[in-house]
Amino acid sequence: MPHPYKHIFFDLDHTLWDFEQSAAQTFALLFEKHQLNSRGIPSLADFLKEYTIHNTKLWESYRNGELKKEILRSLRFENTLKEFGINDPALAESIGDDYVYHAPRTVFLMPGTMEVLQYLHIKYSLHLITNGFEEVQHIKIREADIGKYFKTITTSEEAGVKKPDKQIFEYALEKAQAKISESLMIGDTLEVDIQGARNVGMDQVYYNPLKMDHTQAVSYEIGHLIELMEIL
């Protein structure tokens, strides 16, 4: 029985954009530029470990509407530096500014991204729904040269709400002039992308390249983006 899909919605970070590789290269640049080793931080790995802990906590607060993005951008580095006994808000802000500039221009895509987009955009209307910052996400899309594949791009800043809130999906569907029954959401996060799509009644593809165990019911599950060509 043929599937009903006409509109395919993608998440961006960790689904199409290889956030980990991009961030790793960006942090290597920042660690060297700001001479963090000479300031008492033993290694890039140590810095990244502490940053990841603080960034994850702050992003959760941001998603919950408890934190403004401007605060998140500097506080994640300020808190990380304090773990190494460095109390320097000006340095934290400078690192934060450099990160926001370089990270979206350090292009790494998940394996299979270009092949899948080239294949799908001929057959379907493709769209993006992302919780990332408006200006940063548009730079990524431009630098990676993938904007040409998407009919619409919806950011949480534009919509005024973040995934998994059903309102961002309703906003994106209306922008795309798409019916829920004809739409499919593809994302890497069960709590944000998959649950969000489920909240609005949309079918979902859970992109799970690390084969993480879970108990949630999903419409489809893939470990590599190329598998979308078998589903669609």
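Pro164 sits in the loop between helix H7 (156-159) and helix H8 (166-176), and in this predicted model a cis peptide bond, with omega of about 15 degrees, joins Lys163 to Pro164. Most peptide bonds are trans, and most residues other than glycine have a negative phi.

**Backbone features in loops**

- His14, in the loop between strand E1 (7-10) and helix H1, has a phi near 75 degrees, a positive value in a residue other than glycine.
- His14 counts as partly exposed, because its relative accessibility is 29%.
- Gln35, which lies in the loop between H1 and helix H2 (44-63), is likewise not a glycine and has a positive phi of about 50 degrees.
- Gln35 has a relative accessible area of 54% and is therefore exposed, the cut-off for that class being over 50%.
- Asp145, which follows helix H6, also has a positive phi, near 60 degrees.

- Strand E2 is largely enclosed by the rest of the structure, because six of its six residues are buried.
- In a regular strand the side chains alternate between the two faces of the sheet.
- Both faces of E2 are covered, with Ser125, His127 and Ile129 buried on one side and Leu126, Leu128 and Thr130 buried on the other.
- E1 and E2 run parallel and are joined by four bridges, and within this pairing Phe9 stands opposite His127 of E2.
- E2 and E3 also run parallel, again with four bridges between them, and Ile129 has Thr154 as its bridge partner in E3.
- Between E2 and E3 the chain passes through H6, forming a β-α-β crossover that is right-handed.

- Helix H6 spans residues 134-143, and its buried residues are Val136, Gln137, Ile139, Lys140 and Ile141.

**Nonpolar cores**

- In soluble globular proteins, nonpolar side chains tend to be buried together.
- The largest nonpolar core holds 27 residues, of which Ile8, Phe10, Leu126, Phe150 and Leu228 touch the most other members.
- At least two residues of this core come from each of E1, H5, E2, strand E4 (183-187) and strand E5 (203-207), and H5 gives the most, with three residues.
- Leaving aside residues up to four places away in sequence, Ile8 touches Tyr124, Ser125, Leu126, His127, Leu184, Ile186 and Leu232.
- A second, separate core has 16 residues, including Leu30, Phe47, Phe77 and Ala103.

- When residues up to four places away in sequence are not counted, Thr113 touches Leu16 and Leu225.
- Val100 is 13 residues from Thr113 along the chain, and the C-alpha atoms of these two residues are separated by 23 Å.

Technical notes
Residues are numbered from 1 along each chain as its sequence is written. This is a predicted model: local features need pLDDT of at least 70, side-chain atom pairs count only at pLDDT 80 or more; totals for chains, interfaces and linings use all residues. Side-chain values use heavy atoms; hydrogens and water are left out. Buried means under 20% relative accessible area, exposed over 50%, partly exposed in between (1.4 Å probe, protein chains only). Contact means heavy atoms within 4.5 Å. A nonpolar core is a set of buried Ala, Val, Leu, Ile, Met, Phe, Trp, Tyr and Cys residues joined through side-chain atoms within 4.5 Å. Two strands pair if DSSP finds at least two bridges between them. A crossover is right-handed if, with the strands pointing away from the viewer, the path from the first strand over the helix to the second runs clockwise.
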